[in-house]
Amino acid sequence: MVAANKIADSLSIEPPAADCRVFLGDSRDLTAVLSARERGYTGVITSPPYPNRMSYIRELRPYMYRLGYLADGRAAGELDWKAIGGTWGCATSLLNTWTPNGHGQIPFPQFDRIVDDIGRGNALLGQYVHKYFEDIKSHMASLRQVLAPGANCRYIVGNSKFYDTMLPVEGIYVAMFEDAGFVDVSVETIRKRTSKKELFEFIVHAHTRRADVQRRQHPPKSPAAPAHRSISFDR
Ligand SMILES: C[S@@+](CC[C@H](N)C(=O)[O-])C[C@H]1O[C@@H](n2cnc3c(N)ncnc32)[C@H](O)[C@@H]1O
């Protein structure tokens, strides 16, 4: 009853007003989405796809056909291939022939061993996990370029288990954020999932260096303090 009253009371509160803009684009290439004038974000809150083979296209394709966003089955797979973690339809066969892009290793000490273990049970799944983290690596590299100094990032992610192999998604995110130049990176466990007992959800916290620290390390470039802006990624 208390909760119901709280919800009822909240209906009479005016929500805070904020300018809101939506950009359509690929989170692996944010500089193509945001012009130089539109960068300098001070906050990011997002839940990226998890590496658990959940396909957004698989769930949504009936509605997408109805609304005219997809013409046929092939289009569903092609769109899922562009999504991080997508494996629906032709995305599955494309994954079979996918090869790493060669832009460096995933900077987590046991990553190659984990991918090999998963790939021994099912080669496609090993490929899937490898590509997922390559895509997240591209995202993080492009994210840095659109953030202001001292920006706060909050990523909600879940870990995964393939056969007997645990995939410590949160730990890999920490290593990758640090490798991409983020600082004060930490993990907060927020809830246990209702599926396998080892599965949890986490917030991975990461920051860009503050301007004063950057100034000590590099010559000053932009003296203007950025206005507070936040961004959330979605397709
Ligand atoms: C777990 S959902 C989260 C939705 C929402 N961003 C949020 O934080 O609540 C992950 C979303 O990422 C989108 N996505 C997948 N690959 C993407 C990409 N390359 N660029 C932008 N969004 C992508 C998916 O379509 C899906 O909507």
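Reader: What percentage of the 235 residues of the protein chain count as buried?

Author: A residue is buried if 20 or more other C-beta atoms lie within 10 Å of its own, exposed if 12 or fewer, and partly exposed in between, with C-beta atoms placed from the backbone. This is a predicted model, in which local features need pLDDT of at least 70 and side-chain atom pairs count only at pLDDT 80 or more, while totals for chains, interfaces and linings use all residues. Residues are numbered from 1 along each chain as its sequence is written. Of the 235 residues of the protein chain, the buried share is 28%.

Reader: How many helices and strands does the protein chain have?

Author: Helices (H or I, at least four residues) and strands (E, at least two) are DSSP runs, numbered from the N terminus. The C-alpha trace spans about 50 × 50 × 40 Å along its principal axes. Within the protein chain, the secondary structure comes to nine helices and seven strands.

Reader: What share of the contacts with a separation of 6 or more comes from residues 24 or more positions apart?

Author: Two residues are in contact if their C-beta atoms, placed from the backbone, lie within 7 Å. Among contacts in the protein chain with a separation of 6 or more, residues 24 or more positions apart account for 69%.

Reader: How are α6 and α7 oriented to each other?

Author: Axes are lines fitted to C-alpha atoms, for helices over the stretch in contact, and angles run from 0 to 180 degrees between N-to-C directions. The axes of α6 and α7 come within 5 Å and cross at roughly 150 degrees. Angles under 35 degrees count as roughly parallel, over 145 as roughly antiparallel, 65 to 115 as roughly perpendicular and the rest as oblique. The two helices α6 and α7 are therefore roughly antiparallel.

Reader: What classes of residue make the contact of α6 with α7?

Author: From α6 come V115, D116, I118, G119 and G121, and from α7 come A123, L125, G126, V129 and H130. Ala, Val, Leu, Ile, Met, Phe, Trp, Tyr, Cys and Pro count as nonpolar, Asp, Glu, Lys and Arg as charged, and the others, Gly among them, as polar. The contact of α6 with α7 has five nonpolar, four polar and one charged residues.

Reader: At what angle do α7 and α8 pack?

Author: The contact joins F133, I136, K137 and M140 in α7 to I172, M176 and F177 in α8. By class, it has six nonpolar, no polar and one charged residues. The axes of α7 and α8 are 10 Å apart, at an angle of about 40 degrees. That makes α7, relative to α8, oblique.

Reader: Is W81 buried or partly exposed?

Author: W81 lies in helix α4 (residues 73-82). W81 touches G86, C90, A91 and L94, residues up to four places away in sequence not being counted. W81 has 19 C-beta neighbours inside 10 Å, so W81 counts as partly exposed.

Reader: Where is R53, and what is its phi?

Author: R53 sits in the loop between β1 and α3 (56-66). R53 is partly exposed because it has 19 C-beta neighbours inside 10 Å. Phi of R53 is positive, in a residue other than glycine, and is near 65 degrees.

Reader: What is the phi of D184?

Author: D184 is found in strand β5 (residues 183-192). With 13 other C-beta atoms within 10 Å, D184 is partly exposed. Phi of D184, also a positive value in a residue other than glycine, is near 45 degrees.

Reader: How far apart in space are K161 and N52?

Author: K161 is found in strand β3 (residues 160-162). In sequence, K161 and N52 are 109 residues apart. In space, C-alpha to C-alpha, K161 and N52 are apart by 8.1 Å.
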